[in-house]
Every structure is written in C-alpha cells, then in structure tokens.
Amino acid sequence: MMRNAVVLLLFVVLFASCDEQTEHTAPAIHERDSVSMMTTYGVNTLISDSGVMKYRIITERWDVNTIKNPSRWEFVKGIFLEQFDKKFHVEGYIQADTAWYYDQKKLWHLRGRVRVRNTDGLVYTSEELFWDGIRHELYSNVFSRVVTPERTMEGSYFRSDERMTHYMVSNSKGSFRMEDMTGESEQKEEPADTTQPAAPPRQPAMRHAASPKPVVTP
C-alpha cells in the first residue's frame, strides 16, 4: 500500500514538472522583404545598357531584393564601378564603401569614402553621392572636394553631369589660378640676352637753372 502511494506521488510530481515546461521558439518571420532574392559573393561582371557593355561591377557581395519598396540592389561590402564608352574604353570609375541601386528609379546612392575619377584627371571625393540615371546627373548635399590639374574646390553642395565635365560647387572655398578669375594669363618678362654686353646706364641730363632777375625797387 505504501509502495503504491509512493509511485502515485512520483507520477504526480513528474506530471506537474512536465506541465510547467515551456517551449522556447523564435517567432515566425512574416516580413518577406527582409530576405534577398539573390546574394552573390566575389562579383566581377559586365553590365550592358541597350545591348552595349557600359559598366563593370566589382564587389565582395551583391544582394538583389525585388520585394522591398522600392526594389534595389545592395552592395554592403563596397563597390568599384567602371564606365566604358562605345569603343569599350574606360571613361572613369566610381568606388564607395556601401552602395544601393534603385533599379526602378535608376538611382545610385553611394556612401562612405566615395571617390570618382574621369578621363580629364578630375578626382571627386565625398562621404555621399547620388547618381540619377534618368536626369543624367550626379549631386551631393554634403562636403565635397574636387581636384583637377588646374584647381582645387571644396563645398557643401555639388552637382555635375555624368561625365563630370560641367559641374558646380556652392558654399565653396579653394585655390584658383589668376587666369581663372581674370580670363587672362599673367605676362612674364623675357630674360635679357646675356650674349650681348649690357648698355651703360644713361646719365641724367644736366639742366642749368636760370639766374634770378634782379628786383628793382622804387
């Protein structure tokens, strides 16, 4: 009888302990836009535009998400982008620590150590840059620096065409050449010919002062 009571007590304790256990599970993920449709690592590929090879993309990671609104490509590990002309010559390059490309808007958003260089030797650096593929222009609302073979400009607002041949920097400061301000270059004196003896300095002409006329007093 006592043995049966002990067995019954153990059964009740085990049942109670099992009933108190709770299952620890993570909640289900309902946000479908948190998952990329495609993730590619170690990318070095060419991108065509209207059947013509226009760009080369080099990146460590490329995420494509068509469910997010707006849909986008994400380059969270940085990007190096080369641009070609119709003859497949390099026109310039863009690099940044992070980039997003909104394919429906044709808009690039580059962040962190942005650097751009074109064929004319212009170098642009900033922490943020937008590239609008519909308007064919680049712009930035943060501190930007433009360095060319002729001048250096810095400012808090930048806007340019895609090739960076026509651009403006507002709230700017920088260094300029004199001809950039006046439109004319400084005239430099030619050095004297050292093969010919220098002419002796001319002596100033001596002038004799006229003798004062006597003053006759009445």
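Student: What is the relative accessible area of R163?

Tutor: This is a predicted model, in which local features need pLDDT of at least 70 and side-chain atom pairs count only at pLDDT 80 or more, while totals for chains, interfaces and linings use all residues. Residues are numbered from 1 along each chain as its sequence is written, and side-chain values use heavy atoms, leaving out hydrogens and water. Buried means under 20% relative accessible area, exposed over 50% and partly exposed in between (1.4 Å probe, protein chains only). R163 is classed as exposed because its value is 54%.

Student: Which residue forms a salt bridge with R163?

Tutor: A salt bridge needs a side-chain nitrogen of Lys or Arg within 4 Å of a carboxyl oxygen of Asp or Glu. With the closest N and O atoms 3.5 Å apart, the partner of R163 is E91.

Student: How many residues apart are R163 and E91?

Tutor: Strands are DSSP runs of E, at least two residues long, numbered from the N terminus. R163 is in the loop between strand 12 (157–161) and strand 13 (167–170), and E91 is in strand 5. The pair links distant parts of the chain, with a separation of 72 residues.

Student: At what distance are the closest N and O atoms of E137 and R159?

Tutor: E137 is buried because its relative accessible area is 15%, whereas R159, at 28%, is partly exposed. The two form a salt bridge, and the closest N and O atoms are separated by 2.6 Å.

Student: Which strand holds R159?

Tutor: The pair joins distant parts of the chain, 22 residues apart. E137 lies in strand 9, and R159 lies in strand 12.

Student: How many aromatic pairs does the structure hold?

Tutor: Rings of Phe, Tyr and Trp (its six-membered ring) pair if their centres lie within 6.5 Å; planes under 30 degrees apart count as stacked, over 60 as edge-to-face and the rest as tilted. For the whole structure, the number of aromatic pairs is 11.

Student: What is the angle between the ring planes of F75 and W108?

Tutor: The ring centres of F75 and W108 are 5.8 Å apart. The pair is stacked because the planes are at 25°.

Student: Which strand holds W108?

Tutor: F75 and W108 are 33 residues apart and link distant parts of the chain. F75 is in strand 3 (residues 72–75), and W108 is in strand 7 (residues 107–118).

Methods
Helices (H or I, at least four residues) and strands (E, at least two) are DSSP runs, numbered from the N terminus.
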